[in-house]
Amino acid sequence: MPENLVLGPAVTTPTTSQLRRAVARARDGKALDAVEAQVLLHARGADLAALCEAATAVRDAAMLAAGRPGVVTYSRKVFIPLTRLCRDRCHYCTFATVPGRLPAPYLRPDEVLDIARAGAEQGCKEALFTLGDRPEDRWPAAREWLDAHGYDDTLSYVRAMAVRVLEETGLLPHLNPGVLSWSDLQRLKPVAPSMGMMLETTATRLFSEPGGPHYGSPDKDPAVRLRVLEDAGRVGVPFTTGILVGIGETPAERVDALLAIRRVAREYGSVQEVIVQNFRAKDDTAMRSVPDLPEDELLATVAVARLLLGPSVSLQVPPNLSDAAEIGALLRAGVDDWGGVSPVTPDHVNPERPWPHVDDLARWTAEHGLELRERLTAHPRFVTGALQRDEPWIDPRLHPHVRALADADTGLAREHVVPQGIAWQEPDGGGLDSSGRTELHREVDGSGRTSDRRSDFDEVYGDWQQVALRVDGGAPARLGSDVAAALRQAVDDPAGLGDDAYLALITADGAALDAVTSLADDLRRDVVGDEVTYVVNRNINFTNVCYVGCRFCAFAQRKTDTDAYTLSLEQVGERAAEAQALGATEVCLQGGISPDLGPNAYPDIVRAVKAAAPGIHVHAFSPMEIATAAAKAGVPVRAWLERLKDSGLDTIPGTAAEILDDDVRWVLTKGKLPASAWVEVVTTAHELGIRSSSTMMYGHVDHPRHWVAHLRTLIGVQDRTGGFTEFVPLPFIHTNAPVYLAGLARPGPTLRDNRAVHAVARIMLHGRIDHVQTSWVKLGTAGTRAMLTGGADDLGGTLMEETISRMAGSQHGSAKTVAELTEIAAGIGRPVRERSTTYDPLPVREGVGA
């Protein structure tokens with residue numbers, strides 16, 4: 001072993017009594033804490049046998065819960081090593097190599113298809129794509145190959161080859177391309193029923209310290225890899241992960257990795273399988289002298305993994321990395337799945353360890369009283385969830401491919417079926433007419449996930465009732481000197497306070513809140529004067545079909561719902577022309593995230609509006625719509641925004657922000673884009689000269705500190721780009737919101753909350769964002785007037801129609817005439833002025849927007 005190879009600190013061996021006590025708790029079905037799990041990793045002999053007995057009981061419960069009692073599963077696959085180049089330098093790996101040792105940096109398409117066809121002929125149903133992480137970042141030969149063949153990056157080639165495998169062989173791709181971003185996962189989900197990436201370890205030192213097995217490998221940062229697992233959950237991808245044991249991690253680090261996986265599995269429900277992979281030393285690597293993991297240590301690790309993960313996740317140990325005599329012991333330790341086994345291709349990662357024959361594996365499994373059955377690459381619960389219950393795990397474009405190979409009742413693989421190629425296609429992007437669609441484009445109900453989120457909510461947000469902001473309107477706790485000190489500082493330097501001071505202001509009440517709103521109103525007057533501005537516009541919600549499943553939204557419909565609609569391009573154009581005829585200078589276009597909208601739909605909408613209403617300002621597409629469309633098109637967000645701009649897009653609404661905190665966003669939106677992706681979209685738009693509004697929806701499961709942090713994030717973007725035109729606080733409308741009806745959210749903000757948010761926004765954003773808009777749709781006339789006397793200066797638009805708030809339960813109408821907006825301002829003695837979308841003053845026009 002190289003002297004500088006880091007294998008970790010020594011671990012204290014537990015006492016006999018500690019071990020016996022931990023084994024007894026495991027045998028009695030007690031929940032294990034991290035220390036007890038570490039102790040159990042040392043079980044040997046009779047203690048190990050007792051530990052495995054407890055694991056066997058959980059394994060049997062897992063099989064029963066999955067609807068397959070006594071059945072161990074596997075997937076018949078081919079292994080497609082799309083490229084063996086990698087930017088990482090793992091010290092135990094022989095899969096990754098250098099360009100000079102390969103005939104070409106990537107397999108050619110015909111080579112990929114030859115492997116897949118050979119597998120189809122042998123009854124395989126999975127095409128496992130394994131490759132190195134982003135080799136073009138390290139190897140010029142990879143970059144040159146991609147350029148020569150017309151691919152922007154390795155993932156573009158992965159996606160293209162996955163489509164060809166689907167269409168030409170019928171095999172289902174399982175993608176293992178390494179570290180993926182949220183947008184990468186969105187981009188690949190339509191071409192693969194499942195994906196995977198080994199977490200391997202959470203031991204940062206094995207990555208950060210010289211001599212560690214992952215040192216020099218940027219993609220092996222545990223924090224980065226954990227983020228991939230979380231993003232896969234947010235996107236709704238059935239995901240396989242696992243740990244690599246015996247690479248120098250301590251027992252505590254091994255347990256920590258399992259608990260990290262368990263947390264993701266419980267929170268998102270997306271982890272379909274956890275692999276416990278035992279290290280095998282290989283020649284010609286830095287770790288060639290490191291001993292293989294002993295069998296009893298592997299068995300203890302597998303049993304502890306089964307006990308910690310429980311019955312809801314499948315547990316795999318690769319059967320080719322153990323000897324035939326060890327198969328029974330692995331089953332007793334809790335294994336219920338053997339993973340992918342290939343009758344055609346070797347294990348390119350462990351080429352010295354051939355796959356067992358499926359017949360042998362079935363016999364060994366049967367010798368221990370269990371039956372071996374074939375599954376698909378996505379595990380049965382995800383298959384039946386997608387095909388029977390319209391859960392959003394598998395993209396609708398893949399349903400025909402999966403249905404052709406799946407047993408409709410069990411979700412396992414159909415027996416004696418030879419895969420056949422089925423056409424795969426993006427949704428028709430030529431128009432928005434919903435007629436003529438095939439079953440390939442059926443809507444998926446984003447609310448299909450059935451896990452109970454009450455416990456998650458209580459864990460993350462259980463203290464919200466303790467903060468100064470109280471649902472019942474009672475006196476807040478934060479009053480007095482801290483508010484007074486913050487106010488004194490804000491008078492001199494409104495934008496220069498620390499977050500604690502802003503928190504004091506935003507949780508003020510009574511006379512203190514009056515002082516905060518008075519300061520905000522003074523700042524408003526200094527910056528923009530007394531005129532209340534508005535824009536004559538029309539909202540066009542071009543489809544209410546959406547599969548995201550936001551828990552605050554009552555607007556979204558399934559495609560099969562009676563109230564579902566999708567406007568044609570002609571209908572969108574007609575609405576824009578009508579708006580322009582009534583004096584509108586802007587149309588605001590937003591819609592649901594529908595699988596029927598292909599990459600061409602969004603630029604086609606813009607062109608249709610510009611053709612029907614020349615010169616009108618197109619304010620369109622939320623960051624969520626933009627990110628999703630870019631992923632569908634397989635291009636970066638920047639390229640997609642450039643295309644939209646070329647089509648005539650003028651500005652974008654900064655909606656879909658909700659609260660820019662990923663914990664809050666998960667409770668509200670499940671798979672919606674992370675906060676970082678929202679920031680990326682708006683920042684990129686600003687850099688391209690596409691300005692945007694900014695928004696915050698508040699009063700649900702959030703905390704006042706989230707409001708301050710959200711505003712701080714907007715400040716960061718504005719300091720970099722200067723692209724925000726206004727800030728729009730959006731009070732949560734609870735009436736028909738699923739998250740409220742499920743008892744997870746409070747019933748919207750109070751008047752105190754609304755006043756505080758608008759006022760502190762004016763104070764925090766001073767000198768950066770000049771305009772604070774108040775929503776008459778959500779607040780009504782009286783509430784709007786209150787906001788206009790506490791920092792707000794803008795009424796937004798006439799709208800002419802507004803569906804989203806109305807469906808959520810707003811009782812304040814969906815359109816206002818200019819006369820009605822004038823009356824709102826007149827009620828507080830303020831004049832009005834029409835503006836453009838970007839707040840340029842417009843000449844006075846008579847009879848407009850009547």
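Biologist: What does pLDDT do over residues 427-479, and how many contacts beyond four places in sequence does the model have there?

Modeller: pLDDT (the predictor's confidence in each residue, from 0 to 100) stays under 50 over residues 427-479. For this stretch the model has 144 contacts (heavy atoms within 4.5 Å) beyond four places in sequence. Over residues 802-814, pLDDT also stays under 50, and the model has 37 contacts beyond four places in sequence. Where pLDDT is low, the predicted coordinates should not be read in detail.

Biologist: Which rules apply to the model and its numbering?

Modeller: This is a predicted model, where local features need pLDDT of at least 70 and side-chain atom pairs count only at pLDDT 80 or more, while totals for chains, interfaces and linings use all residues. Residues are numbered from 1 along each chain as its sequence is written, and side-chain values use heavy atoms, with hydrogens and water left out.

Biologist: What is the mean pLDDT of the protein chain?

Modeller: The mean is 86. Of the residues, 89% reach 70 or more.

Biologist: What makes C90 and C93 too far apart for a bond?

Modeller: A disulfide is a pair of cysteine sulfur atoms within 2.5 Å. The closest cysteine sulfur to that of C90 is in C93, at 6.1 Å, so the distance is too far for a bond. By this rule the model has zero disulfides.

Biologist: Why does C90 count as buried?

Modeller: Buried means under 20% relative accessible area, exposed over 50%, partly exposed in between (1.4 Å probe, protein chains only). C90 has 16% relative accessibility, so C90 is buried. C546 has 14%, so C546 is buried too. Over the 850 residues of the protein chain, 62% count as buried.

Biologist: Why is strand 8 called largely enclosed by the rest of the structure?

Modeller: Strands (E, at least two residues) and helices (H or I, at least four) are DSSP runs, numbered from the N terminus. Strand 8 covers residues 337-341, and five of the five are buried, so strand 8 is largely enclosed. The protein chain has 31 helices and 17 strands.

Biologist: How do you know that strand 1 and strand 8 are joined?

Modeller: Pairing takes at least two DSSP bridges between two strands. Three bridges join strand 1 (residues 71-83) to strand 8, and the two run parallel. T73 stands opposite D337 in strand 8.

Biologist: What makes R538 and E578 a salt bridge?

Modeller: The rule asks for a side-chain nitrogen of Lys or Arg within 4 Å of a carboxyl oxygen of Asp or Glu. In R538 and E578 the closest N and O atoms are 2.9 Å apart, a salt bridge. The pair links distant parts of the chain: R538 is in strand 11 (residues 537-541), E578 in helix 20 (residues 569-581), 40 residues apart. R538 is buried at 12%, whereas E578 is partly exposed at 41%. The structure holds 53 salt bridges.

Biologist: What parts does the salt bridge of E726 and R835 tie together?

Modeller: E726 and R835 meet at 3.9 Å, N to O. E726 lies in strand 15 (residues 724-731) and R835 in the segment after strand 17 (832-834), so the pair ties together parts that are 109 residues apart in sequence. E726 is buried at 7%, and R835 is buried at 2%.

Biologist: How do you know that the span of helix 19 agrees with 1.5 Å a residue?

Modeller: The expected span is 1.5 Å times one less than the number of residues. Helix 19 (residues 510-528) has 19 residues and should span 27 Å; its end C-alpha atoms are 27 Å apart, so the values agree. Its buried residues, including L513, V516 and L523, pack against helix 17 (481-492), helix 18 (499-506), helix 28 (751-764) and helix 29 (776-788). G529 follows helix 19, with a positive phi near 80°.
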